[in-house]
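Hello,

Here is the structure I promised to pass on to you. Have a look at it first, and then read on for what turned up in it.

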Amino acid sequence: MDTAVNTVTGPVSPDALGRTLMHEHVFVEYGTALRDCRPLGAAHEQILATCLGVAARIKACGVATVVDPTTTDLGRNVPLLKHVSEKSGLNIVCCTGIYSTSTYQALRLRLGGADAVADLFIRELSEGIGDSGVRAGIIKLVTGHEIDEDDHELLCACARASVATGAPIITHTEGMLGPDQQRILHEQGVPPEKIIVGHSCISTSFGYHRQIVAAGSYIGFDRFGMEGGMPDEVRAASLKKLIDAGFLDRLIVSHDSVWYWVNGPKIGSGPYKNWKPTNFFERVIPMLQYDGVSEAQIEAMLTGNPRRYFS
Ligand SMILES: [Zn+2]
């Protein structure tokens, strides 16, 4: 168990990650469950060019690393991620894990049980994804609007993989189930500081936010720019409250952007005009600064916290 972070181009020291966006998707394609790393054929060059354009823009904002929690059932495409990383110089951390309960059920059936699913996650973290030789650096998991038996089983399988490899976990939440995720993972041996409770900014409840960080996990304000029903001003104000309450060292910021989405919306246009991975730098930092957040505090969220999370 070493502390190096697996990126798609090899291990990197947490100290070398630099500014890190902890939840962005380079490429998404629904309906690809269990059909990992699909060759993109003639479209590959155009997709690569689009993703490299985005990579260049976030590099200009000082970003050196992106964590991409795109699972097999969201179209995880390791060869593409590797090309984007090699050609842009951006570190990319890819994931193992699952995005939907139905994929978990299918995988469990195919592999022969929950333990075999955990073994697959462990293999992807320690040996590599398929025959790509690329090791995942993080475990992604999902729960729905309630944590049913299968969700619980998936949490336990992810916990087993985390304990076995030391890999951290990033979660997808619906509603306000972060504390339940934390409790179950912790019962299975995962230290709270190895967990990011993702999408916590879908809630405006300070009590909910406080409960997550007080339990020792990181909280994902990872949907800046996704403004349907939730303006960034509200997210920024919630973030400021947590800073004022002394929880700066638990805050993670990102956009959950999708740089190339097959049959999905195009980022940076129409209702998605602010949903792009430069948004935090262009719009949100000024909001925070106007509210009295210092440059050092902003840097802590972008650089110090990701480094500590991976250490
Ligand atoms: Zn996401």
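Before the helices, one term: an axis here is a line fitted to C-alpha atoms, for a helix over the stretch in contact, and angles run from 0 to 180 degrees between N-to-C directions. Please keep in mind that this is a predicted model.

Now find helix α1 (residues 44–60) and helix α2 (residues 78–88): their axes come within 10 Å and cross at roughly 50°. That angle makes α1 oblique to α2, and the crossing is right-handed. On the α1 side, the residues in contact are H44, I47, L48, C51, L52, A55 and K59, and they meet L80, H83, V84, K87 and S88 of α2. By type, the residues of this contact are seven nonpolar, three polar and two charged.

Next, the metal. Which residues coordinate the zinc ion? They are H23 (through NE2), H25 (also NE2) and D256 (OD), at 2.0 to 2.1 Å. Their spacing in sequence is H-x1-H-x230-D. Because H23 sits in the loop between β3 (19–21) and β4 (25–28), and D256 in the loop between β11 (251–253) and β12 (258–261), the pair ties together parts that are 233 residues apart in sequence. H23 is buried, with a relative accessible area of 1%, and D256 is buried too, at 6%.

Last, look at helix α6 (residues 178–187), where G178, P179, Q181, Q182, I184 and L185 are buried. These buried residues pack against β7 (138–142), α5 (149–165), β8 (169–172), β9 (195–197) and α7 (206–214). Just after α6, G189 has a positive phi of about 100°.

Happy exploring!

Key. Residues are numbered from 1 along each chain as its sequence is written. This is a predicted model: local features need pLDDT of at least 70, side-chain atom pairs count only at pLDDT 80 or more; totals for chains, interfaces and linings use all residues. Side-chain values use heavy atoms; hydrogens and water are left out. Buried means under 20% relative accessible area, exposed over 50%, partly exposed in between (1.4 Å probe, protein chains only). Helices (H or I, at least four residues) and strands (E, at least two) are DSSP runs, numbered from the N terminus. Contact means heavy atoms within 4.5 Å. Donors are N, O and S atoms within 2.8 Å of the metal (3.2 Å for Na, K and Ca); water is not among the atoms, so sites may look incomplete. Angles under 35 degrees count as roughly parallel, over 145 as roughly antiparallel, 65 to 115 as roughly perpendicular and the rest as oblique. A crossing is left-handed if the near helix is turned anticlockwise from the far one by less than a right angle, and right-handed if clockwise. Ala, Val, Leu, Ile, Met, Phe, Trp, Tyr, Cys and Pro count as nonpolar, Asp, Glu, Lys and Arg as charged, and the others, Gly among them, as polar.
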